[in-house]
Every structure is written in C-alpha cells, then in structure tokens.
Amino acid sequence: KWCLQYLAGTADLGITYHGSDEVLMDGYDHRNKLIAGVDSDLGGCHDTQKSTSGAVVMLNGGAVFFKSRRQTTCSTASTEAECKAAVIIGMQLHWLRDLLGEFGHRQGCIRVLEDNSGLVHIAHGQKDSAKTAHFRRAVTFVEEKCHRGIMWLDDTPSEENWSDMFTKSIESATLFKKLNDIVMGVTPRLYVSPGAALMIRTGVGANTSELLRNARLLMQNDES
C-alpha cells in the first residue's frame, strides 16, 4: 500500500540535467565535467558491524551514477571504511572518464568530495601510518588513482558531501532535502571548498601536493 502511494505521488520525479552557463559556471566552469562524492559510515549495520559505502558521480548538475552498498568486510576505523568506499569510486571514474573522452569531453583529474581528512592525506602521500597495513591494498589502489591523475580527493564537510545520504539516515530533514535536491538536479549547487577556491585563485591549494596543483586544469576547463 505505502509503496503504491509513493509511486503514484512521484510519477513525475526524475533527475534533471542542466545546460545553462548560469548553472554550469557556478563556482567554477564544470561544463561536461565529472564531479564525484564518496562516503562511508562505520559499522552502521548492527547485525554484522559492517560499514556502508556511498558514492555519487555528477555531470552537468545531475547524478549519472549513485550507489549504496554494505561492505563485505568489517572495518576497525573510519579511515579504513572510507578507503574501501574510495576504491568503488575509483573503479567507476576510471571507465566514466574514458567514456566522456570518447564523446570528446576530456576530463583531466576528477574532483572527488571526501569528508575524511585522514584518507585525503593518505591518498595524496602526505601521511603514512602502520595502522593502514591491514588494508594496504585498498590504500595503494586509491593512491595510484590519485598519482596517475585520474582523481583527487577534496576535503569537504559532511553536510556538503552528497554521498553522505547514501550511507546513513540523515537526522535533519532540511539537510536530507538539500542533499537530495542537489543529487536529483533540482537545486544544482556546487560546493567549492577553501582548498579548491585557493587552487582556482593561485593554482596552489592548502595542504596539496603537486597532483592537486595540476588539478587546476580541471577548474580552468583546459582542454589542451
């Protein structure tokens, strides 16, 4: 009964994509550019103590890929759970990047919103810890994607990370609606982090490596 009521009330619901410069130049030029978000909770499943990965890939103001899946193994720390989720987005972006390139829209280094600063530092070689030894293969995979210029992780607050809604219940109805409307393309708002803003202005981001400096090409929509 409830499912039928939901379907009847949302018959016109769908993802909206945009083509206007007003939307796609907001924050910086992201016309035909992939932007992703990735997140994970920690032990959210009370029965198995396993975490849930959430991932979203946006293009021109709407989602072209989204996923929410319980991880197959337990994680002992949030950085481990987030790293396993980052593996998912890394695999997805690899082929999406190639696909857009075949359509004539070269992607460069893709921005990925990530709210775990520990993983951001590890992925870009700014931090190393013996605590990552037991999930080193996942760390190496994410590091490789970053060092090869396929993606870069942007340290982003949880309330601005779209994928947060795919990992857990969002307590504030207002925050849930905000994230949902962004993913669905209803309000195509692009968050620009302080690091990304600094990179746009100067080409040098706060706490960034050479890889993130090169990501300025993405912000400038450099197709060369």
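Patches are made of residues with over 30% relative accessible area and no salt bridge, and nonpolar side chains are joined within 5 Å. The close-ups below show a predicted model.

**View 1. A nonpolar patch on the surface is formed by Leu4, Tyr6, Leu7 and Leu13.** Together, these residues have about 480 Å² of accessible area. Leucine 13 sits in the loop between helix 1 (2–9) and helix 2 (21–24). Leucine 13 counts as exposed, at 53% relative accessibility.

**View 2. One aromatic pair turns up in a search of the whole structure.** The ring centres of phenylalanine 66 and phenylalanine 166 are 6.0 Å apart, with the planes at 25°, so the pair is stacked. Phenylalanine 66 belongs to strand 3 (residues 62–70). Phenylalanine 166 is in the loop between strand 5 (151–155) and helix 6 (173–184). Phenylalanine 66 is partly exposed, at 47% relative accessible area, whereas phenylalanine 166 counts as buried, at 17%.

**View 3. The largest nonpolar core has 28 residues.** Val57, Ile89, Leu93, Val112, Val142 and Leu153 touch the most other members. Several elements supply at least two residues each, among them strand 1 (34–40), strand 4 (110–114) and helix 5 (136–147). Helix 3 gives the largest share, eight residues.

**View 4. Valine 57 has contacts beyond its neighbours within four places in sequence.** Among them are Leu34, Ile35, Ala36, Val64, Phe65, Ile89, Leu93 and Leu96. A second, separate core has 14 residues, including Met58, Ala63, Met165 and Leu179.

Terms used: Residues numbered from 1 in each chain as written. Predicted model: local features only at pLDDT ≥ 70, side-chain atom pairs only at ≥ 80, totals over all residues. Heavy atoms only, no water. Phe/Tyr/Trp six-rings, centres within 6.5 Å; stacked < 30°, edge-to-face > 60°. Helix = DSSP H or I, 4+ residues; strand = E, 2+ residues; numbered from the N terminus. Buried < 20%, exposed > 50% of the residue type's maximum accessible area, 1.4 Å probe, protein only. Patch = residues over 30% accessible without salt bridge, like charges linked within 9 Å, V, L, I, M, F, W, Y side chains within 5 Å. Areas by Shrake-Rupley, 256 points an atom, 1.4 Å probe, with all protein chains shown as cover. Salt bridge = Lys/Arg side-chain N within 4 Å of Asp/Glu carboxyl O. Core = buried A, V, L, I, M, F, W, Y, C linked by side-chain atoms within 4.5 Å. Contact = heavy atoms within 4.5 Å.
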